[in-house]
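Trainee: I am new to this structure. Please show me how to read it, one feature after another.

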Amino acid sequence: MTIYLALEPYKERYTTKYEMLYHALRDALMEGKLVHGDKLPSSRELARMYGFSRGTVSNVLEALAAEGYVAPMTGSGTYVSYQTTNLSLLPFAKREIQLSEWGERIAGMAVHVRETDTHIDGTDSHQTLVNDGSEHSKCSEKISFQLGITDMSSFSKEDWNRCLYDETRKMTEKANIDAHKPLGVETLREAIAKHLQRYRGIVANSEQIAIVNGSMQAIALLTQLLAGSGDAVVAESPGYYGIRKAVLASGAMLIEGEVDDQGLVPQPWNAKLLFVTPNRQYPTGAVLNMERRQQLLQWAADQSAFIVEDEYDSEFRHRGKPIETLKSLETSADLVIYTGTFSKTMMTDIRLGFVVLPRVLVVPFARAKALYEPHPSAILEQRALASFMNSGLYERHLRRMKRIYSHKFTLLRDALKRLTIPIRWVEGDAGLHIFGWWTGAQEDYDAFEKACREAGVEWVKDRTNRNRIGISLGFSHLTDDDLTVGIERMSKAWKHIESTF
């Protein structure tokens with residue numbers, strides 16, 4: 001075992017090496033830095049590490065053993081026998097710390113989120129699971145319609161593993177020049193630029209693209225860069241709760257934009273930043289029509305404001321034609337920031353996303369990202385993903401997953417149409433979940449929720465500022481049998497409730 005002792009303070013207080021080492025070791029034991037049962041380095045190792053004679057170290061260990069701090073065991077070594085108590089730690093536990101304004105906001109927000117907004121996947125959802133684990137299901141098999149989980153049973157594992165292996169071999173053969181680029185691996189940024197131009201109509205060069213660790217990192221960095229105390233930021237309501245957290249933590253004022261069946265309702269907001277999900281509003285799935293898209297672009301030009309366009313799972317269209325992005329519609333203003341993620345198209349835990357930045361924001365964003373990540377993370381995964389895309393494997397993977405997810409979407413949609421539960425399901429053409437509004441009474445919902453929980457079914461609940469209850473059913477990770485059984489249980493639970501009316 002290697003231990004670290006800060007000897008400099010003891011050099012000023014004690015004249016001999018014996019006293020210096022004795023008090024440094026004893027204080028480390030009493031403060032709990034070395035705990036009961038830890039094995040100490042041998043006298044030879046301690047002497048070599050700190051430049052003392054072995055005789056001095058042996059004398060110190062003998063003194064500590066005589067006082068009961070350590071216990072030598074023949075043939076095994078010297079172990080800590082002293083046990084600290086909580087009494088010595090009480091003054092530190094009671095000590096108040098002064099956080100920054102940003103720190104205070106984050107600390108207060110964390111309590112709020114922990115109490116009312118359970119994250120179902122730790123990253124991308126803000127809503128609450130009906131079954132939060134506080135009660136044990138009466139059913140042996142729980143069916144969870146949670147969001148953001150990909151179907152790994154159909155993932156191209158062999159192709160992906162081969163790309164990982166090849167890039168690992170290349171990285172061990174020569175120096176990694178990508179490690180010092182804050183915006184990410186150049187080959188991946190180039191691959192994303194080609195993909196976006198081909199499939200989304202977005203013309204951008206690789207210099208405008210930044211790789212991020214999931215969409216939340218992009219949201220947080222952009223908010224910190226563009227909004228501060230006294231600034232106003234618009235976000236959809238209902239919408240992704242991570243945006244709300246980022247805005248409030250930055251000290252900016254949050255304006256909740258109204259959402260209807262056509263998506264965000266444009267208003268003459270006095271704001272400098274807007275977050276919107278136009279191609280598939282989160283969580284309702286509503287599609288913003290062309291008139292509103294043009295109104296938002298005109299608003300941004302008039303306000304000299306930026307629009308952050310979040311396209312989180314619109315890659316998977318199940319019917320209808322592809323929809324233009326805001327980024328592809330703008331002309332020379334360059335006020336739309338486009339974000340995307342591979343957590344839905346690849347695998348949930350890959351945690352790679354990207355941002356298409358206006359040219360004026362490239363340098364500020366790069367410097368902000370470098371502050372948090374002096375050495376960019378997931379370099380291997382970035383390089384493997386670039387290889388995956390450039391070889392055509394990503395496109396082939398998307399085609400396969402589109403077929404699989406479209407089948408599940410159709411199965412779930414048709415099953416929901418046969419339900420008599422008071423939920424108005426929102427029509428949608430894309431994505432990995434189906435959303436609906438509860439149209440019954442609050443007490444009926446509570447009874448339905450409880451009955452489903454006891455039957456082993458959970459979903460994601462959203463409550464808006466207008467106190468409406470929204471229900472999201474994620475289907476991407478579930479089998480056909482799971483989907484069928486889950487809906488059957490929901491139907492039986494409601495019929496049981498109806499029989500009690």
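Mentor: Start with helix 10 (residues 241-250), which lies across strand 6 (232-237), strand 7 (253-260) and strand 9 (273-276). Helices (H or I, at least four residues) and strands (E, at least two) are DSSP runs, numbered from the N terminus. This is a predicted model: local features need pLDDT of at least 70, side-chain atom pairs count only at pLDDT 80 or more, and totals for chains, interfaces and linings use all residues. Residues are numbered from 1 along each chain as its sequence is written, and side-chain values use heavy atoms, with hydrogens and water left out.

Trainee: In what order do the 8 strands of the open sheet run?

Mentor: Two strands pair if DSSP finds at least two bridges between them. Here the order is 5-12-11-10-9-6-7-8, with mixed pairing. Strand 5 (209-212) and strand 8 (263-264) are the edges, each pairing on one side only. Strand 10 (residues 306-311) and strand 11 (residues 336-341) pair in the parallel sense over 5 bridges. Glu 311 stands opposite Gly 340 there.

Trainee: Which residue is the bridge partner of Gly 436 in strand 17?

Mentor: Ile 471 is that partner. Strand 14 (residues 433-438) pairs with strand 17 in the antiparallel sense.

Terms used: Contact = heavy atoms within 4.5 Å. Axes fitted to C-alpha atoms, helices over the stretch in contact; angles between N-to-C directions.
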